[in-house]
Amino acid sequence: MNSKVTVIIPLIYKNDALRNIQIFRNENLVDKIILLSEEEIKLNQDITIVSSNLKNTFTLKKIVDYVQSDYILFLLNGKPVLPSQFMIQRFIKIAENTKSVFVYSDFYETENNHLKKHPTIEYQQGSLRDDFDFGEIVLIKTSAFKEAVNRMNIDYEFSAFYDLRLKVSQLGSLFHIPEFLYTISTSEDIGSEESHFSYVDPKNRNVQIEYEKVCTKYLSEIGALVGPEFNSVDFNDYDFEYEASVIIPVRNRVKTIGDAIKSVLNQKANFKFNLIIVDNHSNDGTSDVIENYKNQDSRVIHIIPERFDLGIGGCWNEAIHSEHCGKFAIQLDSDDIYKDENTVQSIVDTFYKEKCAMVVGSYQITDFNLNELPPGLIDHREWTPDNGANNALRINGLGAPRAFFTPLLRKINLPNVSYGEDYAVGLEISRKYKIGRIYESLYLCRRWEDNSDAKLDIERINQNNFYKDKIRTIELLARKNKV
């Protein structure tokens, strides 16, 4: 094997960087090591680039000047790395056999002196999340890297590597090796609440806006950009008994369903609304709680499906196709509550004001006792009315509460799954219709040990992310094909 690599090592912690330099200096396929550092550090023949990190365009353009090898091996986060047997050879061999321009693999993490598997997932056309998990190491073909960097006509401070990845993906495939090719030392809590919501932390807003610009430019280049003109909706063409219905799909939430029901029945509105609860065969007493409220208030509609194969999306379909469903279908999860008695009125008012087919509000993260948890308010302000339909392909969720124009939702229907069902239908609606936004808090999203957003292991995280990427792929293709 004649191909050589240049290794890019960011200096985050000096001891980690020195350890990585020593490991890769002894690899016979390594042509050169480039150290990224804020300060000038000379280490024998190693080259130092004075730069902060791989996230700014300046760094990538400087790297171009120093690389003559066939491939570049990037250590993305500067963590201590222990390559597996013949790791670099394996990376290069697969890149050449598959003619791929970007290669990454599964890896191990050390946890309490034990190896813990960290699988990664297949990259798809719709893998547009800027936080896609490639692991710690990626191999990029130098010719593709240089061509992509030469096309960079905007300098970014935070999103240059994301820009690079999207540009490289237009030149060839991004290939996942399902082998554990290295080990990293880590103490990161992958499933932590703070990590899960870090992308919507207000202090990261400038970062998010920059990522949005990169993604929007990419969508334009591949012919998948939509808007800003959308189909109109006429709410007067339909006759409904109820102006709005709150939809709660539920299974075995005896501890929380009563609070959710009360928050709906306490709503004040100048129109007729009801509450449709689709009880997916609960067996813990949830059904009895619902029946008790139904007997006290005629607005409570209790549906127990005949089918036993329904996920959350399927339960939603049961509700929206019910004769009791109103003109607007408004979401509430069985774990959560509305912030005050004006939520339903605010959402319906927004439909008429913005003439939109879907409304997305904002919510606060709290514990079970309604004490606010970081990052607090989740308002997705980076998802603007003008460009939200495009940015929706990049972000990992649309926000809450979500509400839909029922006649349109009945045509589309939700996929019968229990994760990402709302995201899938939201993307499809946003392709042709305007989505209204409410940036004030309407909703309290409670975190507790038994709800669906409790700490997840890496396999479940990967399963969820793969499905959402598949949803994005379907939607991206629909937009490119002008469906």
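The model is predicted.

**Exercise 1. How are helices H14 and H15 oriented to each other?**

Solution. 
- Locate the helices: H14 spans residues 421–432 and H15 spans residues 458–480.
- Take the geometry. Their axes come within 10 Å and cross at roughly 15°.
- Apply the cut-off: angles under 35 degrees count as roughly parallel. H14 and H15 are therefore roughly parallel to each other.

**Exercise 2. Which residues of H14 meet which residues of H15?**

Solution. 
- On the H14 side, list Tyr-423, Ala-424, Leu-427, Glu-428, Ser-430 and Arg-431.
- On the H15 side, list Lys-468, Ile-471, Arg-472, Glu-475, Ala-478 and Arg-479.
- Sort the residues of this contact between H14 and H15: six are charged, five nonpolar and one polar.

**Exercise 3. Are the aromatic residues Tyr-338 and Tyr-443 buried or exposed?**

Solution. 
- Start with the total: the model has 23 aromatic pairs.
- Look at one of them, Tyr-123 with Phe-132. The pair is edge-to-face, with 5.2 Å centre to centre and 75° between the planes.
- Check burial there. Buried means under 20% relative accessible area. Tyr-123 has 15% relative accessibility, so Tyr-123 counts as buried. Phe-132 has 6%, so Phe-132 counts as buried.
- Turn to Tyr-338 and Tyr-443. This pair is also edge-to-face: 6.1 Å centre to centre, 65° between the planes.
- Conclude: both Tyr-338 and Tyr-443 are buried.

Conventions:
Residues numbered from 1 in each chain as written. Predicted model: local features only at pLDDT ≥ 70, side-chain atom pairs only at ≥ 80, totals over all residues. Heavy atoms only, no water. Axes fitted to C-alpha atoms, helices over the stretch in contact; angles between N-to-C directions. Helix = DSSP H or I, 4+ residues; strand = E, 2+ residues; numbered from the N terminus. Parallel < 35°, antiparallel > 145°, perpendicular 65-115°, else oblique. Contact = heavy atoms within 4.5 Å. Nonpolar A, V, L, I, M, F, W, Y, C, P; charged D, E, K, R; others polar. Phe/Tyr/Trp six-rings, centres within 6.5 Å; stacked < 30°, edge-to-face > 60°. Buried < 20%, exposed > 50% of the residue type's maximum accessible area, 1.4 Å probe, protein only.
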